[in-house]
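Visitor: Could you walk me through how to read a few features here? I'd like the general idea, then the case at hand.

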Amino acid sequence: VQTCALPISSTATLIALLLGTLAALAIQRYDFFGKNSVSFLFVLPIALPGVVTGIALQSTFKLFGIGLGLPTIIVAHATFCVVVAYNNVVARLRRLPRSPEEASADLGATPWMTFRRITLPGMRTALLSGGLLAFALSFDEVIVTLFAAGAGTKTIPVWIFSAMQRPNELPVVNVVALVLVLVSIIPVWIAQRISGGEAKIGRAHV
C-alpha cells in the first residue's frame with residue numbers, strides 16, 4: 001500500500017509545531033531543574049544519523065507493542081521535525097521584549113490572553129517558517145521512514161528509492177522525483193524569504 005506523503009508531513013508538522021512551541025516557551029521563559037538537558041534532548045534527533053534515529057524508534061515501538069504503520073511514521077517524522085520548530089521559536093523568543101507581556105499581566109490580563117494577543121503574534125512568522133521547513137524535511141525523508149513503516153506501507157520517497165532498482169520504471173521515477181524536488185524546495189524558499197524579509201525590516205528599524 002503506497003501512502004501519500006502529504007498527510008504524513010502535514011500531521012507531523014502540526015505535532016512538531018505544537019510540541020516545539022511549548023518546549024521553546026518553557027525553556028525560554030522559565031527556569032527549572034534540568035533545563036539544559038531538556039534543551040539538548042530536543043536538538044539531539046536532528047544531530048544523530050538517520051539510521052540511529054530509525055533503529056531507536058523501531059526498537060521503542062516494538063518494546064511497547066506498537067504495530068508499525070502510518071501512525072508510527074507520523075511519530076517518527078515529528079521526532080526530528082520538532083527540532084526545526086523548537087529552534088525557530090526559541091530564536092524568536094530571545095528577540096522579543098518581555099515588557100509588553102509584563103505590562104499585559106500588570107493590567108490584569110490572563111496568561112492565555114497575554115499569549116494570544118502579544119506573544120503569539122510576535123512569533124507568528126517564526127512558526128510559519130519553522131512549519132514550512134519541517135514540512136519539507138518530513139516530505140522527502142527516507143531513512144527514518146524505512147524503519148518506522150510497516151510491511152506494505154510506503155511513502156513517495158520510499159517508493160522512489162525502491163523503484164530505482166527496476167529499470168522499466170525509471171521514466172516514471174524521474175517525473176515523480178522532479179515533482180518531489182519542487183515540492184521540497186518551494187517551502188524552503190518561502191521560509192527563507194520570510195526570514196530574509198524580517199531581517200531586512202529589523203535592520204531598517206535600527
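Guide: Let's begin with surface patches: they are made of residues with over 30% relative accessible area and no salt bridge, with like charges joined within 9 Å and nonpolar side chains (Val, Leu, Ile, Met, Phe, Trp, Tyr) within 5 Å. A salt bridge is a side-chain nitrogen of Lys or Arg within 4 Å of a carboxyl oxygen of Asp or Glu. Areas come from the Shrake-Rupley method with a 1.4 Å probe, and for residues only the protein chains shown count as cover.
This is a predicted model, where local features need pLDDT of at least 70, side-chain atom pairs count only at pLDDT 80 or more, and totals for chains, interfaces and linings use all residues. Residues are numbered from 1 along each chain as its sequence is written, and side-chain values use heavy atoms, leaving out hydrogens and water.

Visitor: Which residues make the nonpolar surface patch?

Guide: Leu178, Val181, Leu182, Ile185, Ile186, Trp189 and Ile190 make it, covering about 670 Å². Leu178 is found in helix H10 (residues 170–205); helices are DSSP runs of H or I, at least four residues, numbered from the N terminus.

Visitor: Is leucine 178 buried or exposed?

Guide: Buried means under 20% relative accessible area, exposed over 50%, partly exposed in between. Leucine 178 has 53%, so it's exposed.

Visitor: What about aromatic pairs?

Guide: Ring centres must lie within 6.5 Å; planes under 30 degrees apart count as stacked, over 60 as edge-to-face, the rest as tilted. The whole structure has 3 aromatic pairs. In one of them, phenylalanine 42 and tyrosine 86 have ring centres 5.4 Å apart and planes at 20°, so they're stacked. Tyrosine 86 is buried at 3%, while phenylalanine 42 is partly exposed at 22%.

How values were computed
Helices (H or I, at least four residues) and strands (E, at least two) are DSSP runs, numbered from the N terminus. Buried means under 20% relative accessible area, exposed over 50%, partly exposed in between (1.4 Å probe, protein chains only). Rings of Phe, Tyr and Trp (its six-membered ring) pair if their centres lie within 6.5 Å; planes under 30 degrees apart count as stacked, over 60 as edge-to-face and the rest as tilted.
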